[in-house]
Amino acid sequence: MHSPHGVVLVTGATGYIGGRLAPNLLEQGYHVRCMARHATHLKGRQWPGAQIVEGDALHPETLSAALDGVDTAYYLIHSMSAGDDRYAHTDRKAARNFARAAQTAGVRRVIYLGGLGRDTDLAPHLRCRQEVGDILREEGPTVVEFRAAVIVGSGSASFELIRHIVEQHPVIPLFPWLRTRCQPIAVRDVLKYLSLGIDVPADASRTYEIGGPEILTYEEMLRVYARRRRLRRWFVPVPYVSARMCAWWIELMTPIPAGYARPLIEAAKDEVVCRDESARKAFRLHPIDYETAVRYALLRIKEGAVRTTWTMAMFPRQSPFSQMSIREGLICEESRVVVDATPAALFHIYSGLGGERGWLFANWLWKLRAALDRLVGGVGMRRGRRNRDEIGQGEPLDFWRVEKITADRLLLLRAEMAVPGKAWLQFESSPAGSGRSTLRITAYFEPRGLWGRAYWAALVPVHRILLGGLARAIAKRARLNHRR
């Protein structure tokens, strides 16, 4: 352990940067404590040695335990992903609460990742990021602030925006803001800077501007991606379009919701480049160029080795029973229910669905979907299943194929019906304490172009009825079996 530094707290550990920084610090030997609003959201992370605590910067009474004994705290909290226009007020309140609590707890240093920009008339998003840094300095301990522009890495919001626009659309509208200059930086270099921030003397607050070796326009970034993927794309200039209209277009064409995209678009009118070389002189890092960062990101996606995504800290505002979100380019619809039965009992029910037994709820709708699939040349339900009570990985199940199966816990089905995109259906059962279990049924869909998104949008009401009804039917059957 690096005992001279004591405990290092990583806030926002469920987020894109925090979820990568925590394991990096553990690998370097630091004593790491991770804070999240819901500790259960970190249970699946393979971070041996990390201490997980619950804390919410909007509720200061929850922070004292998280900050107890902490020497250095990483402040990686922001609320823009909630898609709420009031995110700036929320961010300022959270920063003030955290800074005061850190000062009271005797924290020596806070390390904060903010946003580049020096104009007096900054966009609300960038202005908010810098105001948070000011609040941390005014109300709390010494602050080491790193200011970055576009962060490029597998799963980052900026990269996903670029990836989906270029991959899916041969003709790309050339909005005026795409000609603004910025200085992108690879996520791996951001993590290096953040890690080295621990060694910055805590005698005074410092601000460092960090970026990659190139200054590019957003249009050039799109063109570099297209060239890397060997895709021919046409850029068509368009007149002025409001940020709201651009955000709606982005929501329609990419997985990025309009509420998240709009602040990013408003910020794109501001040139964000490094004008201070103090970071280069102090840390002597040599950041990789943009094209190399794109290459690494694409490699991670191809290998299925994406460690975190920008959506990981998003909390949908729908009811607890039915939730819709977007994860790594996938549209997701989830239904869940808590059942008085074991995970194994639930698994026994959902692993036996399909074939002659049918689907327990609205079986006529499943048959109608199969009939429509047959009409367009698909497989329909003609394949059934090999065995009424047993299923193995790789086997067909009606118009699905078993992609993954974990005994007594999980069944993942990949759609093989005709559909404008890629689709999966996942059943998962997990202990909920006191002899109860949580059943989650999640539909994943990766749309192909505009038609794919229109297809999903049209079926959202049907999916919610089907998933919710199926979850209740499985729960009911498991309860009945449990009582016998």
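A charge sits over a ring if NZ of Lys or CZ of Arg is within 6 Å of the ring centre and within 35 degrees of the ring normal. Keep that in mind for the first stop, and remember throughout that you are looking at a predicted model.

**Stop 1**

Select Tyr 296, then bring up Arg 188. The charged end of Arg 188 sits over the Tyr 296 ring, 4.0 Å from the ring centre.

**Stop 2: rings in pairs**

Colour the aromatics next; there are 17 aromatic pairs in the structure. Go to Phe 445 and Tyr 455. Their ring centres are 5.7 Å apart and the planes make 45 degrees, so this pair is tilted. It ties together distant parts of the chain: Phe 445 belongs to strand β20 (residues 436-447) and Tyr 455 to helix α14 (residues 449-483), 10 residues apart. Both of these residues are buried.

Stay on Phe 445 and show Trp 456. Here the centres are 5.3 Å apart with planes at 15 degrees, so these two rings are stacked. This is another link between β20 and α14, with Phe 445 and Trp 456 lying 11 residues apart. Trp 456 is buried, as is Phe 445.

Before moving on, select Phe 146, Tyr 193, Tyr 208 and Phe 283, which ring pairs join into a cluster.

**Stop 3: a buried glutamate**

Pick Glu 209, in strand β11 (residues 206-209). Why does Glu 209 count as buried? Its relative accessibility is 6%, and the cut-off for buried is under 20%. What does the side chain reach? Another is the backbone nitrogen of Asp 276, which lies 3.1 Å from a polar atom of the Glu 209 side chain. Show what surrounds Glu 209, skipping neighbours within four places in sequence, and you'll find contacts that include Leu 116, Arg 118, Arg 147, Val 273 and Ala 279.

**Stop 4**

In soluble globular proteins, nonpolar side chains tend to be buried together. For the largest nonpolar core here, which has 48 residues, start with Tyr 218, Met 221, Leu 222, Ile 265 and Tyr 290, the members with the most contacts inside it. Elements giving two or more residues to this core include α5 (157-168), α7 (218-228) and α11 (290-303). Zoom in on Tyr 290: leaving out residues up to four places away in sequence, it touches Val 152, Ile 162, Pro 184, Glu 214, Leu 216, Met 221 and Val 224.

Then jump to a second, separate core of 40 residues, with Met 417, Ala 471, Ile 474 and Ala 478 among them.

**Stop 5**

Select helix α3 (residues 87-105). Its 19 residues reach 27 Å from first C-alpha to last, close to the 27 Å expected at 1.5 Å a residue. Among its buried residues are Tyr 87, Asp 91, Asn 97 and Phe 98, plus several alanines including Ala 94 and Ala 95. Cover for the buried residues of α3 includes β1 (7-10), β4 (70-75) and α4 (124-139). Just past the end of α3, Gly 106 has a positive phi of about 80 degrees.

Finish on α4. This helix has 16 residues and spans 22 Å from its first C-alpha to its last, close to the expected 22 Å. Buried residues in α4 include His 125, Arg 129, Gln 130 and Leu 136. Show β4, α3, β5, β6 (142-148) and α9 to see what the buried residues of α4 pack against.

Key: Residues numbered from 1 in each chain as written. Predicted model: local features only at pLDDT ≥ 70, side-chain atom pairs only at ≥ 80, totals over all residues. Heavy atoms only, no water. Phe/Tyr/Trp six-rings, centres within 6.5 Å; stacked < 30°, edge-to-face > 60°. Helix = DSSP H or I, 4+ residues; strand = E, 2+ residues; numbered from the N terminus. Buried < 20%, exposed > 50% of the residue type's maximum accessible area, 1.4 Å probe, protein only. Polar contact = N/O pair within 3.5 Å; in protein donor to acceptor, adjacent residues only side chain to side chain. Contact = heavy atoms within 4.5 Å. Core = buried A, V, L, I, M, F, W, Y, C linked by side-chain atoms within 4.5 Å. Expected span 1.5 Å × (residues − 1).
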